[in-house]
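Biologist: I am new to this structure. Please take one part and look at it closely, then show me what else stands out.

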Amino acid sequence: MPWGRRGGRVSALEGGPEEEAPPVAAAVPSVLWASRLQPEAAAEQILLRGIFEIGRDSCDVVLSERALRWRPIQPERPAGDFQYDLLCKEEFIELKDIFSVKLKRRYSAKQQGSGTLLGITLFICLKKEQNKLQDSTLDLINLSEDHCDIWFRQFKKILAGFSNRPKSLKILLNPQSHKKEATQVYYKKVEPLLKIAGIKTDVTITEYEGHALSLLKECELQGFDGVVCVGGDGSASEVAHALLLRAQKDAGVEADSILTPVQAQLPLGVIPAGSTNVLAHSLHGVPHVVTATLHIIMGHVQPVDVCSFSTIGKLLRFGFSAMFGFGGRTLALAEKHRWMSPNQRRDFAVIKALAKLKPEDCEISFLPFKSSQDLQERRAQESPKSDCNEQWQMIQGQFLNISIMAIPCLCSVAPRGLAPNTRLNNGSMALIIARNTSRPEFIKHLKRYASLKNQFNFPFIETYTVEEVKVHPRNNTSAHNPEEEERPHETASENSFPWNVDGDLMEVASEVHVRLHPRLINLYGGSMEEMNDSKATCNCL
């Protein structure tokens with residue numbers, strides 16, 4: 001079959017170096033990308049029709065409004081010949097899956113000018129298993145300059161009609177992410193695809209924590225169609241926070257008094273280059289660099305819910321998820337050992353936090369989620385109390401961990417997600433509370449995340465679907481104190497409590513109010529409604 005792989009791109013680039021025509025790649029099963037002529041194809045307007053060599057066959061190729069179809073040209077044979085019918089099967093690709101077109105040329109050392117025309121190369125986005133996307137190529141071979149020029153111009157016109165696809169992107173790259181692999185990931189895997197798609201980029205390599213935040217507050221964004229973060233969860237969360245703050249500033253909204261914040265003006269793309277990649281995993285169903293890049297190129301956008309975190313009337317930050325208690329203390333420990341590798345640091349912090357496991361004495365208030373159906377039912381019952389008074393609920397006691405999540409939070413150690421019943425944009429948050437229990441029972445709960453079993457099936461675990469949450473530590477006796485072996489200047493304030501917000505450490509000494517803001521930011525990514533169940537079997541300890 002005529003589908004190429006990434007190794008065959010160079011010869012298709014106009015003005016590229018001396019190259020032989022790319023070899024035909026291994027066949028991709030036709031069931032994945034081709035089919036017999038669909039009934040509606042007959043009703044489509046034909047734009048062009050011609051003959052090209054595809055693979056080893058001369059084919060009758062038809063370009064219509066929605067698809068490119070081809071059928072091998074074969075000598076006439078008696079009707080009912082099964083092998084003949086199989087050879088003549090019509091195949092097609094939908095135009096919406098094409099992201100670039102190039103004239104295919106062969107260059108030689110002695111040859112000057114534009115090289116010898118071989119035909120046209122189409123660059124295509126293929127859907128693979130487990131939510132992955134893969135780039136591929138289809139070569140349409142024809143040596144006629146005039147013939148190829150007509151087809152090339154028509155393809156360019158069609159691609160220009162996809163107005164949702166970005167043409168210019170601001171790239172923010174964190175070189176310190178994970179094992180300092182983000183730079184290599186971008187220049188080896190991401191940039192080549194963006195160049196093929198003809199997307200202009202402006203790359204900034206961040207130099208310190210908060211660099212992206214300060215940059216996006218002031219830089220000119222009018223010429224960009226989107227912002228892309230290459231890094232881990234902390235980097236992605238910082239960029240999302242910066243974009244939302246910038247939107248409030250541009251709209252003249254006072255950040256500290258936000259009740260209904262303004263939506264971010266530009267979509268955000270997340271290239272997974274961190275140690276956990278929770279946001280990218282939740283968004284795409286898999287932390288796969290090429291998949292994330294192709295979603296950006298194709299202009300696939302998902303509106304995503306965002307949380308705001310505030311205290312005493314002051315906005316602390318925007319984010320997607322948070323953990324207080326065990327999750328916050330574990331991150332605080334890990335941050336003190338940045339010299340370790342990410343996996344070593346995580347394992348060390350988890351084990352040490354478990355060794356010193358202690359509950360937080362808290363008061364938790366929350367506003368239960370009311371769906372649109374609930375609101376309609378309340379109006380039908382004409383209940384004045386429920387119409388004018390929101391019913392806050394309160395629980396208090398000692399809690400080992402409190403999780404508040406607006407996204408599913410998928411990752412390698414939690415293949416079903418830390419909040420598996422939450423979606424990216426269902427207008428609610430998951431509140432997951434672990435009450436005080438024995439250390440062995442709590443460890444059983446943590447281990448359950450790595451399996452496909454229900455991690456909430458424990459008597460000390462409570463789950464709620466909420467719109468707002470207030471977490472109020474009732475005393476400072478369990479606040480984050482410096483450890484005896486640590487120097488004081490390396491630790492948090494004695495009266496503050498550590499929060500884990502999207503992998504970033506946030507230290508707060510008082511009550512934290514978490515509000516959900518539906519569909520506040522657009523992220524590049526496909527729909528997750530048909531997400532496959534993960535088969536990961538890793539262990540969290």
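Modeller: Start with helix α9, residues 326-335. In this helix, 9 of the 10 residues are buried, so the rest of the structure largely encloses α9. Buried here means under 20% relative accessible area. The buried residues of α9 are Phe326, Gly327, Gly328, Arg329, Thr330, Leu331, Ala332, Leu333 and Ala334. Keep in mind that this is a predicted model.

Now step back to strand β15, residues 321-325. The aromatic pairs come in here. The count of such pairs is 10. One of them joins Phe324 and Trp499. Their ring centres are 4.9 Å apart, with 40° between the planes. That makes the pair tilted, because planes under 30 degrees apart count as stacked and those over 60 as edge-to-face. The two partners come from distant parts of the chain. Phe324 belongs to β15, while Trp499 belongs to strand β20, residues 497-501. Phe324 has 1% relative accessibility, so it counts as buried. Trp499 is buried too, at 2%.

A second pair is made by Phe458 and Phe460. This pair is also tilted, with 5.4 Å from centre to centre and 40° between the planes. Both residues are buried. Elsewhere, Phe52, Trp151 and Phe155 form one aromatic cluster.

Rings also meet charges. The charged end of Arg165 sits over the ring of Phe162, at 4.1 Å from the ring centre. Lys470 lies over the face of Trp392, 4.8 Å from the centre of that ring.

Next, turn to a strand. Which strands pair with β7? One is strand β6, residues 98-106, which runs antiparallel to β7 and is joined to it by 8 bridges. In that pairing, Lys104 stands opposite Gly119 of β7. Another partner is strand β8, residues 133-141. β7 and β8 are also antiparallel, and 9 bridges connect them. Here Leu126 stands opposite Gln134 of β8. β7 and β8 make a hairpin, with 5 residues between the two strands. Gln130 lies in the turn and has a positive phi of about 55°. In a regular strand, side chains alternate between the two faces of the sheet.

Helices pack as well. Helix α4, residues 182-196, meets helix α8, residues 289-298. Their axes come within 10 Å and cross at roughly 30°. Angles under 35 degrees count as roughly parallel, so α4 is roughly parallel to α8. The crossing of α4 past α8 is right-handed.

Finish in a loop. Ala414 is found between β17, residues 393-405, and β18, residues 429-435. Is Ala414 buried or exposed? Its relative accessibility is 0%, so Ala414 counts as buried. Gln455 is 41 residues from Ala414 in sequence. In space, the C-alpha atoms of Ala414 and Gln455 are 9.8 Å apart.

How values were computed
Residues are numbered from 1 along each chain as its sequence is written. This is a predicted model: local features need pLDDT of at least 70, side-chain atom pairs count only at pLDDT 80 or more; totals for chains, interfaces and linings use all residues. Side-chain values use heavy atoms; hydrogens and water are left out. Two strands pair if DSSP finds at least two bridges between them. Helices (H or I, at least four residues) and strands (E, at least two) are DSSP runs, numbered from the N terminus. Rings of Phe, Tyr and Trp (its six-membered ring) pair if their centres lie within 6.5 Å; planes under 30 degrees apart count as stacked, over 60 as edge-to-face and the rest as tilted. Buried means under 20% relative accessible area, exposed over 50%, partly exposed in between (1.4 Å probe, protein chains only). A charge sits over a ring if NZ of Lys or CZ of Arg is within 6 Å of the ring centre and within 35 degrees of the ring normal. Axes are lines fitted to C-alpha atoms, for helices over the stretch in contact, and angles run from 0 to 180 degrees between N-to-C directions. Angles under 35 degrees count as roughly parallel, over 145 as roughly antiparallel, 65 to 115 as roughly perpendicular and the rest as oblique. A crossing is left-handed if the near helix is turned anticlockwise from the far one by less than a right angle, and right-handed if clockwise.
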